[in-house]
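Subject: The structure I promised you

Hi there,

Here is the structure we talked about, with its sequence. Please have a look at it first, then read on for what turned up.

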Amino acid sequence: MPRIRAASPFVLVLVLVLTGCGQIQRDKQDMALESTLSGYRAALRWGYYETAWGYLHPELREAPLEADWVERVRVVGYDVVQDPVMADETTATQVVQIDYVDEEVQRMHSLADRQVWRYDPDGRRWWLHSGLPAFR
């Protein structure tokens, strides 16, 4: 009969610490996503489009924000239709409904915005990769 040796307490502690470190990192990443989504929502909701534009991945904002809708769109509603779904450890997708008024013609519009967010582990932040909403 083979002898079973008990693992040393050091090995057990090491395994627990390494497992816990991974969970702590995922928790920090989840909190960063929550904070990013909240900040982006507030920027759009209160008409801070330059701030919202700053959430775009740097490759998507090589030129300054120059959109014809910036001066005439007022967001009046922002509702999460689908909470963030993690496609993998670094990609999250969220669907929101945005209600807005085109102040030029005083007409209410609504759109569904499917947002794709990707985590940058080096910068420890989330970037919007799907672009700003398609206000028309």
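Let's begin at a turn: strand 2 and strand 3 (residues 107-120) form a hairpin with 4 residues between them, and in that turn Gln 106 has a positive phi of about 50°. Strands here are DSSP runs of E with at least two residues, helices are runs of H or I with at least four, and both are numbered from the N terminus.

Before going further, please keep in mind that this is a predicted model, where local features need pLDDT of at least 70 and side-chain atom pairs count only at pLDDT 80 or more, while totals for chains, interfaces and linings use all residues. Residues are numbered from 1 along each chain as its sequence is written, and side-chain values use heavy atoms, leaving out hydrogens and water.

**The strands**

Strands 2 and 3 pair in the antiparallel sense over 12 bridges; pairing requires at least two DSSP bridges between two strands. Within this pair, Val 96 stands opposite Asp 113. On its other partner, strand 2 pairs with strand 1 (residues 73-88), also antiparallel, over 11 bridges. That hairpin has 2 residues between its strands, and Asp 88 stands opposite Thr 91. How many residues of strand 2 (residues 91-102) are buried? The count is 11 of 12, with buried meaning under 20% relative accessible area, exposed over 50% and partly exposed in between (1.4 Å probe, protein chains only).

**The rings**

There are 8 aromatic pairs. Rings of Phe, Tyr and Trp (its six-membered ring) pair if their centres lie within 6.5 Å; planes under 30 degrees apart are stacked, over 60 edge-to-face, and the rest tilted. Trp 69 and Phe 135 have ring centres 4.7 Å apart and planes at 55°, so this pair is tilted. Trp 69 is in the loop between helix 2 (49-53) and strand 1, and Phe 135 in the segment after strand 4 (125-128), so the pair ties together parts 66 residues apart in sequence.

Finally, find Gln 29 in helix 1 (residues 9-45). Gln 29 counts as buried because its relative accessibility is 11%. Leaving aside residues up to four places away in sequence, Gln 29 touches Glu 89, Thr 90, Tyr 119 and Trp 126 (heavy atoms within 4.5 Å).

Enjoy exploring!
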